[in-house]
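Hi everyone, thanks for coming. Have a look at the chain on the screen, and I'll walk you through a few parts of it.

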Amino acid sequence: MAKSPTSTKPQESEPGTTGEADAAATPKKRSKLLLFGIPAAVLLLIGGGLWFSGILPHLLHGHKPVVATGPVFIKIPEIVANLNVPSGQDSYAKLEATLELSSKASVSQVQHDMPRIIDVFQTYLRAMRPSELRGASGTYRLREALIDRVRIAVSPNVVRNVLFEELIVQ
């Protein structure tokens, strides 16, 4: 028995319509890709840039702004100390200073430590010679030495600076 030949090709109703449909579908897919794909890619790039720059996380979390407080100043009582003079003459230094603190929270603790601060200042001044306090460089060295000593005395509180109101060497 012989089998009749069957055709494996699909029957076309009109010649050339299949090719036109395929050709028309390809530009529609491209236009959809361009219409939706490019704006989506641009939004992803902008979002990534905002995220890595830190702008987007800041906007999403809504952090409260940090209120910057200025420095706080505490006046040290007047200190008069005799200086170290080898010839036996009397030489005195009078110092009026102010401490610059970083925050208001440490004011009460520094006020509590004021006797220690005065002791540190007097002890250091008594070890100095009048020649060491002369000129701008002597004043600068005195300020740096007092800052170092007062930071140790009031630790863990932060003292930014020691400001001289009056320094008289006699």
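Of the 170 residues in this chain, 24% count as buried, where buried is under 20% relative accessible area, exposed is over 50%, and partly exposed lies in between, using a 1.4 Å probe and protein chains only. Please keep in mind that this is a predicted model, in which local features need pLDDT of at least 70 and side-chain atom pairs count only at pLDDT 80 or more, while totals for chains, interfaces and linings use all residues. Residues are numbered from 1 along each chain as its sequence is written, and side-chain values use heavy atoms, with hydrogens and water left out.

The accessible surface of the chain is about 12,600 Å², and 59% of that belongs to carbon and sulfur atoms; these areas come from the Shrake-Rupley method with a 1.4 Å probe, and for residues only the protein chains shown count as cover.

How many helices and strands are there? Five helices and three strands, in the order α-α-β-β-α-α-α-β from the N terminus. Helices here are DSSP runs of H or I with at least four residues, strands are E runs of at least two, and both are numbered from the N terminus.

Now to the surface. L34, I38, V42, I46, L50, I55 and L59 form a nonpolar patch with about 630 Å² of accessible area together. Helix 1 (17–53) and helix 2 (55–61) are the elements that each give two or more residues to this patch, and helix 1 has the largest share, with five. To join such a patch, a residue needs over 30% relative accessible area and no salt bridge, and nonpolar side chains (Val, Leu, Ile, Met, Phe, Trp, Tyr) are joined within 5 Å, like charges within 9 Å. A salt bridge, by the way, is a side-chain nitrogen of Lys or Arg within 4 Å of a carboxyl oxygen of Asp or Glu.

Is E96 buried or exposed? This residue of strand 2 (residues 92–101) is buried, since its relative accessible area is 17%. Leaving out residues up to four places away in sequence, E96 touches K75, E78, L163, F164, E165 and E166, contact meaning heavy atoms within 4.5 Å.

Finally, contacts along the whole chain: among those between residues at least 6 apart in sequence, 66% join residues at least 24 apart.
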